[in-house]
Amino acid sequence: MTVTTLTADEARRIALRAQGLLGVPDRRGGVRGVLRHLGAVQLDTISVLARSHELIPYARLGAVGRPAVEAAYWGGGTSFEYWSHAACVLPVEEWPLFAFRRRSYRARGNLWGHQVTPRTYRGVLDKLRAEGPLTSTELGGAKRTAEWWDWSDTKIAVERALAFGDVVCTERRSWKRVYELAERAVPAELFGRDPDDHECLRTLVAQSGAALGVATRTDLTDYHRLKAEQVDAVLADSGLVPVRVAGWGPQGAPADAWADPAALAAEPRGRHRTTLLSPFDSLVWDRARTERIFGMAHRLEAYTPRHKRVHGYFAMPLLAGGRLVGRVDPAREGRTLVARQISLEAPKYVEPLARALREAADWVGCGSVRVEALADESLRPALEKLLGD
């Protein structure tokens, strides 16, 4: 069997197109289309420019209305929250595919080191059955603190029911999960499906390959946080094809990878998106893959002590021309978008930087942009002129 060899540049363009960041965006499907294509959008509590789940469709579609983003995720039974790459919002069509994980959680029994009585567990389900969708506060068991190890018994029970698949979260209110019985919230034709582990994993690996375009075995494992042996067991049956990618191995050697056949069928062409990316964007959420494809060693520094940060609290990579060419650490003060810290790979990227900042400011309702710190202060006059024009 002849194995296709890709250059690193070809692999980079394939990855960008697969992630919806190269070519004309499909606006017909809107935010829900982005979610279905990516298969998972990571959630996080940090909100600087906006919350990360809002930044994902923005990066691909442009200034889609933020209320429309929320409505697309939470409303109409089109998505649900579950453990994928991390805590993610997933298209509801993937509900059957996570049966393998729900079964695994049930087999483990007690999760996160917590104990909960059968009576408390049944009480949560009975209350939801009687009263309909409720937050943990409405269930009578909000967290006593923000720490997972100090959850109340009711909170432990409902989170366990979520892991087991007895309840589901398809909505949020003021960023609080709203829980509902899965049998009522998940469409009957999906709720009734119970594929075996092999079918779940085979389909998820194929979906990951399509979302990544071209990926190493480790990349495929990371996308939905599968185990290496789970990926190995289904790769040959996934429909993905083996390729070799120049420069992806140690010391720039070729590396074995797998590709979506559709991604190899046509050369990736079209317009490159210029935008700021959430650190939790699936294009960059894996540090090793990001460095391998783009040559950028990027990490989230929100949990790094302030004096040890290099690029800032929530530094967002700047994507331009199909490459990661800089970082911006944003903030908002009233109707001003503040770039607390900016670094660029080269002066030629000042114009796309200014364009990305202006578009982001408009999207979040800011009328002006203020730049606080530039790694190369000689770029300030040109940048501020572009921002002022």
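Which residues of α3 are buried?

1. **Basis.** This is a predicted model, in which local features need pLDDT of at least 70, side-chain atom pairs count only at pLDDT 80 or more, and totals for chains, interfaces and linings use all residues. Residues are numbered from 1 along each chain as its sequence is written, and side-chain values use heavy atoms, with hydrogens and water left out.

2. **Helix α3.** The buried residues of α3 are Ser-52, His-53, Glu-54, Leu-55, Ile-56, Pro-57, Tyr-58, Ala-59, Arg-60 and Leu-61. That is ten of its ten residues, and α3 is mostly covered. Buried means under 20% relative accessible area, exposed over 50%, and partly exposed in between, with a 1.4 Å probe and protein chains only. Helices (H or I, at least four residues) and strands (E, at least two) are DSSP runs, numbered from the N terminus.

3. **Neighbours of α3.** Contact here means heavy atoms within 4.5 Å. After α3 comes Gly-62, with a positive phi near 85°.

4. **Second largest pocket.** Its volume is about 310 Å³. The lining has 16 residues, and Gly-20, Val-24, Pro-25, Asp-26 and His-37 lie nearest the centre. α2 (30-38) and α3 (52-61) each supply at least two lining residues. The largest share, five residues, comes from α2. By class, the lining has six nonpolar, seven polar and three charged residues.

5. **Pocket terms.** On a 1 Å grid over the protein atoms alone, a cavity is a set of points where a 1.4 Å probe fits but cannot get out; a pocket is an open set with protein on both sides within 12 Å along at least five of seven lines, and lining residues have an atom within 4 Å of a point. Grid points are joined across faces, edges and corners, and a volume is the space filled by probe spheres set on the points. Ala, Val, Leu, Ile, Met, Phe, Trp, Tyr, Cys and Pro count as nonpolar, Asp, Glu, Lys and Arg as charged, and the others, Gly among them, as polar.

6. **Aromatic pairs.** The whole structure holds twelve aromatic pairs. Phe-80 and Tyr-82 form a tilted one, 6.5 Å centre to centre with 40° between the planes. Both Phe-80 and Tyr-82 are buried. Phe-80 also pairs with Trp-95: the centres are 5.4 Å apart and the planes at 75°, so this pair is edge-to-face. It links distant parts of the chain, with Phe-80 in strand β3 (residues 79-83) and Trp-95 in the loop between β4 (87-91) and α5 (99-108), 15 residues apart. Rings of Phe, Tyr and Trp (its six-membered ring) pair if their centres lie within 6.5 Å; planes under 30 degrees apart count as stacked, over 60 as edge-to-face and the rest as tilted.

7. **Aromatic cluster.** Phe-80, Tyr-82, Trp-95, Phe-98, Phe-100, Tyr-105 and Phe-191 make up one cluster. Phe-80 has 1% relative accessibility. Trp-95 is buried too, at 4%.

8. **Helix α5.** Ala-99, Phe-100, Arg-101, Arg-102 and Tyr-105 are buried in α5. The buried residues of this helix pack against β3, α8 (153-164), α11 (197-212) and α13.

9. **Leu-226.** This residue sits in the loop between α12 (217-223) and α13 (228-234). Leu-226 counts as buried because its relative accessibility is 7%. Its contacts include Phe-100 and Arg-101. Leu-226 and Arg-101 are 125 residues apart in sequence, yet 9.5 Å apart in space, C-alpha to C-alpha.

10. **Tyr-179.** Where is Tyr-179? Tyr-179 lies in strand β7 (residues 176-181). Its relative accessible area is 0%, so Tyr-179 is buried. Leu-134 is 45 residues away along the chain, with 5.4 Å between the C-alpha atoms. Among the residues Tyr-179 touches are Leu-134, Lys-155 and Val-168.

11. **Charges over rings.** The charged end of Arg-172 sits over the ring of Trp-175, 4.1 Å from its centre. Arg-292 lies over the face of Trp-248, at 4.9 Å from the ring centre. The test is NZ of Lys or CZ of Arg within 6 Å of the ring centre and within 35 degrees of the ring normal.

Technical notes
Lists of a residue's contacts leave out its neighbours within four places in sequence.
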